[in-house]
Amino acid sequence: MCRNACFLETSYENSYQCLMVGILFHMSNLYMFRSNGKAGYGLYDFELTPKNVKRVLHGIIIKTKQRKKGGELNAAADHALREIEKQGYDVNLKELGVEKIDKLAYPFRDKGWLSKKREKARLRERARDISGIG
């Protein structure tokens, strides 16, 4: 990303969503994936539904958040995870019988990003800040 993307190309949320589409496409043999769909009381960014619900695969809800200069990525990740919970973005997966649902947040700013995952009641964090931002 740092070598191949111009700063201006990574300034908008849709550029990161396009990157996510490319990454998630490689999971299409195991998951049906939808982007910018309605669930609960709002719009999720990505929903991955296991093609075989009876397998041990988790359903996945992903929310991206853009941060302007000076915005804290960790706080944006927490906000995105709270939004997933509050808005009920996992309702479609629950209705299909998916019991294990991973909730992921990907806030970004310029060429830096962070990933955060909510598992049941605890929160596990894995930071990946490519450019040294935040």
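I take a residue as buried when its relative accessible area is under 20%, as exposed when it is over 50%, and as partly exposed in between. I keep in mind throughout that I am working from a predicted model.

**Entry 1: the chain as a whole**

I began by looking up the secondary structure, which comes to 3 helices and 9 strands. Reading from the N terminus on, I noted the order of the elements as α-β-β-β-β-β-α-α-β-β-β-β. Of the 134 residues in the chain, 42% are buried, and the accessible surface comes to about 8100 Å², with 53% of that area belonging to carbon and sulfur atoms. I then turned to the contacts between residues at least 6 apart in sequence, and found that 53% of them join residues at least 24 apart.

**Entry 2: salt bridges**

Which charged side chains pair? I counted 9 salt bridges in the structure, and I looked up several of them one by one.

For R34 and E47, I found that the side chains meet in a salt bridge, at 2.6 Å from N to O. This pair links distant parts of the chain, since R34 belongs to strand β1 (residues 31-35) and E47 to strand β4 (residues 46-50), 13 residues apart. On checking accessibility, I saw that R34 is partly exposed because its relative accessible area is 37%, whereas E47, at 1% relative accessibility, counts as buried.

Next I took D45 and K63, which form a salt bridge whose closest N and O atoms are 3.7 Å apart. D45 lies in the loop between β3 (42-43) and β4, while K63 lies in strand β5 (residues 59-66), so the pair ties together parts that are 18 residues apart in sequence. Is K63 buried or exposed? Its relative accessibility is 8%, so K63 counts as buried, and D45 is buried too, with a relative accessible area of 4%.

A further pair is K117 with D102, where I read 3.6 Å between the closest N and O atoms of the salt bridge. K117 sits in strand β8 (residues 115-119) and D102 in strand β6 (residues 101-109), so this pair ties together parts that are 15 residues apart in sequence. K117 is buried, and so is D102. I also noted that salt bridges with shared partners join D45, K63, K65 and E83 into one network.

How many residues of β6 are buried? I found that 9 of its 9 residues are, so β6 is largely enclosed by the rest of the structure.

In a regular strand the side chains alternate between the two faces of the sheet. For β6, I listed I101, K103, A105, P107 and R109 as pointing one way, and D102, L104, Y106 and F108 as pointing the other way, all of them buried.

I then asked which strands pair with β6. β5 and β6 run parallel and are joined by 8 bridges, and in this pairing K65 stands opposite P107 in β6. With strand β7 (residues 112-113), β6 pairs in the antiparallel sense over 2 bridges, and here F108 stands opposite W113 in β7.

Key
Residues are numbered from 1 along each chain as its sequence is written. This is a predicted model: local features need pLDDT of at least 70, side-chain atom pairs count only at pLDDT 80 or more; totals for chains, interfaces and linings use all residues. Side-chain values use heavy atoms; hydrogens and water are left out. A salt bridge is a side-chain nitrogen of Lys or Arg within 4 Å of a carboxyl oxygen of Asp or Glu. Helices (H or I, at least four residues) and strands (E, at least two) are DSSP runs, numbered from the N terminus. Buried means under 20% relative accessible area, exposed over 50%, partly exposed in between (1.4 Å probe, protein chains only). Contact means heavy atoms within 4.5 Å. Accessible areas come from the Shrake-Rupley method with a 1.4 Å probe; for residues, only the protein chains shown count as cover. Two strands pair if DSSP finds at least two bridges between them.
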